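Morning, everyone. I have one structure to show you today. Please bring it up on your screens and follow along.

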Amino acid sequence: MAEVILHIYDVTNSGSDKTNNTIVHINKIFKDRIGLGGIFHSAIQVYGDDEWSFGFCEQGSGVFCCPSRKNPLYTYREFMVLGRTNSSIFKVNQILHELSREWPGTSNDLLSKNCNHFCDELCERLGVQKLPGWVNRFANTGDAAIEMAENTALRFKQAKTEIVSASKVAYRFLVGVTSGSTGGDNPHPPRNSNSGSPRFQSACFKNLITAGAKPSNSSEIET
């Protein structure tokens with residue numbers, strides 16, 4: 001058995017000190033004072049001194065490892081023990097290789113498939129509790145808001161189509177009444193401009209998993 005440790009960072013990789021300080025301040029207010037959550041990066045440590053997480057990269061797996069508590073992209077915040085896994089070091093190595101294939105770097109999405117979602121998946125396979133809700137609450141809330149907005153937009157579009165159809169019928173009726181005929185040009189509804197909303201992606205971190213990769217410590221994960 002081995003402890004499964006969750007490492008949490010403030011997301012301070014914007015490239016702007018002002019923005020980074022603002023994020024740290026937001027996290028202090030919404031997590032420390034209110035208990036709602038914040039903007040966090042997470043990673044899982046199990047067997048050895050490395051932590052495992054997920055991020056964007058243009059090629060290959062988005063799963064990577066680095067020395068625990070020392071991810072250079074973010075500001076370390078805290079850790080917590082999520083439990084002890086019954087999986088052997090060999091089984092954990094197998095799980096990590098499976099995840100490295102299932103989580104390509106290009107699939108990273110800030111709201112629906114980020115590092116926190118990856119850590120949840122890893123914890124589930126290790127048989128320990130998932131991340132506390134506050135760690136990824138902002139992403140979950142944002143994802144729900146986007147879904148609601150998309151549903152609202154779809155309903156509005158459907159309603160608009162029905163209104164346009166009704167207008168055409170009314171127009172033909174009025175033309176027929178005033179001119180005594182059923183002819184007349186059909187009005188053309190304005191064209192819609194469909195523009196996709198941009199997807200935000202987390203910073204790219206060099207993928208450290210290769211075929212046969214092992215944690216760099218005495219308790220290596222063997223293939």
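This is a predicted model: local features need pLDDT of at least 70, side-chain atom pairs count only at pLDDT 80 or more; totals for chains, interfaces and linings use all residues.

Helices first. Look at α2, residues 89-102, and α3, residues 115-126. They pack at an angle of about 145°. Their axes are 11 Å apart. The crossing of α2 past α3 is right-handed. Who makes the contact? From α2, we have V92, I95, L96, E98, L99 and E102. From α3, we have F118, E121, L122, R125 and L126. What kinds of residue are these? Seven are nonpolar, four are charged, and none is polar.

Now the core. In soluble globular proteins, nonpolar side chains tend to be buried together. Here, the largest nonpolar core has 28 residues. Which of them have the most contacts inside it? I44, V46, F118, L122 and L126.

Leave aside its neighbours within four places in sequence. Then L122 is in contact with I44, I95, L96 and L99.

Next, H7. Find strand β1, residues 2-10; H7 sits there. Is H7 buried or exposed? Its relative accessible area is 0%, so H7 is buried. What does its side chain do? It makes a polar contact with the side chain of Y76, at 2.8 Å. Not counting residues up to four places away in sequence, H7 touches a list of others. Among them are H41, S42, A43 and Q45. E51, S68, R69, E78 and F79 are on that list too, and so is Y76.

Last stop: backbone angles. Most residues other than glycine have a negative phi. Two residues here go the other way.

One is Y47, with phi near 55°. Where is Y47? In the loop between β2 and β3. Y47 counts as buried because its relative accessibility is 18%, and the cut-off is under 20%.

The other is R69, with a positive phi of about 70°. R69 lies in the loop between β4 and β5 (75-85). Its relative accessible area is 43%, so R69 is partly exposed. And remember, R69 is one of the residues that H7 touches.

That's my tour. Thanks, everyone.

Key. Residues are numbered from 1 along each chain as its sequence is written. Side-chain values use heavy atoms; hydrogens and water are left out. Helices (H or I, at least four residues) and strands (E, at least two) are DSSP runs, numbered from the N terminus. Buried means under 20% relative accessible area, exposed over 50%, partly exposed in between (1.4 Å probe, protein chains only). A polar contact is a pair of N or O atoms within 3.5 Å; within protein, one must be able to donate a hydrogen and the other to accept it, and residues adjacent in sequence count only if both atoms are side-chain atoms. Contact means heavy atoms within 4.5 Å. Axes are lines fitted to C-alpha atoms, for helices over the stretch in contact, and angles run from 0 to 180 degrees between N-to-C directions. A crossing is left-handed if the near helix is turned anticlockwise from the far one by less than a right angle, and right-handed if clockwise. Ala, Val, Leu, Ile, Met, Phe, Trp, Tyr, Cys and Pro count as nonpolar, Asp, Glu, Lys and Arg as charged, and the others, Gly among them, as polar. A nonpolar core is a set of buried Ala, Val, Leu, Ile, Met, Phe, Trp, Tyr and Cys residues joined through side-chain atoms within 4.5 Å.
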